[in-house]
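Below is a short briefing on one protein model. Please look over the sequence and the structure before reading the points.

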Amino acid sequence: MSSDSRYWFAAIAMFACAFAPARADNFLLRGFTWLGYLEGKELREGCVAGGPDRLRLIYNGIYQEQVRVYEAERVSPGAGGALSARVLTRLNLANFRLSEIFLGTRDPGSETALDAPRFDALIAAAIADGLTAPVPDGLNLPSDGFYWVVSGCLGGHYSIQGWAHPGERFAALRFPALLAAYDRTGVPFNPPRRVDAGERMRARSGNQHALDIVPAFDVRLTDSGIAGRMPGL
């Protein structure tokens with residue numbers, strides 16, 4: 001990266017931190033706030049008895065290629081609610097304008113109303129898949145791989161869980177099928193695949209794609225959230 005490029009990227013980073021503290025809909029700005037969003041930091045801090053149930057379900061289909069974000073929130077305890085879906089994809093910087101960094105990348109999204117039985121079914125599936133169980137010791141989630149992370153506040157208690165591909169836990173998941181049925185974005189899932197050592201090495205050096213800005217990184221999940229952070233850019 002040239003010295004001029006580093007200067008402009010540093011400037012972008014400064015403005016990103018100042019003006020976009022929690023934007024999940026912008027690929028470049030995600031790098032500065034992503035870990036807190038991934039672990040549902042504000043869901044944990046706002047989780048109180050008597051509050052509405054909320055779930056954040058995130059699919060990492062290789063971070064540099066596709067991330068899907070689902071937010072489910074009840075209107076009131078025991079009632080139905082809404083499910084939002086957002087598909088975040090890698091920017092094509094060749095056709096990218098600087099102003100879009102602050103305006104968002106117009107990624108596909110959808111909103112779906114869920115009645116109480118469907119909302120209950122989504123929560124039940126997430127719990128059956130292990131949402132409220134202890135996080136497996138040493139669970140590592142590589143951005144240049146495929147995984148799900150679900151965080152949320154249910155009945156006044158914060159929970160977080162992750163499932164990495166390949167693995168039996170990932171293969172047995174039930175809640176993704178419900179999300180797919182409610183997803184109106186029109187964008188297909190980036191399906192899990194085997195990531196070979198060469199592809200992983202290129203991603204971790206930032207050279208997988210000529211236009212990639214964010215190299216691959218790992219996060220380690222614990223019962224209280226994420227222990228770790230992105231490396232310096």
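Is Tyr59 buried or exposed? Tyr59 counts as buried, at 2% relative accessibility; buried means under 20% relative accessible area, exposed over 50%, and partly exposed in between, with a 1.4 Å probe and protein chains only. The model is predicted: local features need pLDDT of at least 70, side-chain atom pairs count only at pLDDT 80 or more, and totals for chains, interfaces and linings use all residues. Residues are numbered from 1 along each chain as its sequence is written, and side-chain values use heavy atoms, with hydrogens and water left out.

**Aromatic rings**

- The structure holds nine aromatic pairs; rings of Phe, Tyr and Trp (its six-membered ring) pair if their centres lie within 6.5 Å, and planes under 30 degrees apart count as stacked, over 60 as edge-to-face and the rest as tilted.
- One of these pairs is Tyr59 with Trp148, which is tilted, at 5.1 Å centre to centre and 45° between the planes.
- This pair links distant parts of the chain, with Tyr59 in strand S1 and Trp148 in strand S6, 89 residues apart; helices (H or I, at least four residues) and strands (E, at least two) are DSSP runs, numbered from the N terminus.
- Trp148 also counts as buried, at 2% relative accessibility.
- Tyr59 and Trp148 belong to a cluster linked by ring pairs, together with Tyr70, Trp163, Phe175 and Phe189.

**Charges over rings**

- The charged end of Arg56 sits over the ring of Tyr37, 3.8 Å from its centre; the rule asks for NZ of Lys or CZ of Arg within 6 Å of the ring centre and within 35 degrees of the ring normal.
- Arg44 lies over the face of Tyr158, 5.5 Å from the ring centre.

**Disulfide**

- The count is one disulfide, defined as a pair of cysteine sulfur atoms within 2.5 Å.
- Cys47 and Cys153 form the bond, with their sulfur atoms 2.0 Å apart.
- Cys47 is in the loop between helix H3 (41-45) and strand S1 (54-61), and Cys153 is in strand S6 (residues 146-154), so the pair links distant parts of the chain, 106 residues apart.
- The torsion about the S-S bond is about 80°, so the disulfide is right-handed.
- Both cysteines are buried: Cys47 has a relative accessible area of 14%, and Cys153 has 5%.

**Backbone**

- The peptide bond from His165 to Pro166 is cis, with omega near -5°.
- Pro166 is in the loop between strand S7 (157-164) and helix H6 (168-171).
- Ile62, a residue other than glycine, has a positive phi, near 65°.
- Ile62 is in the loop between S1 and strand S2 (66-74) and counts as buried, at 1% relative accessibility.
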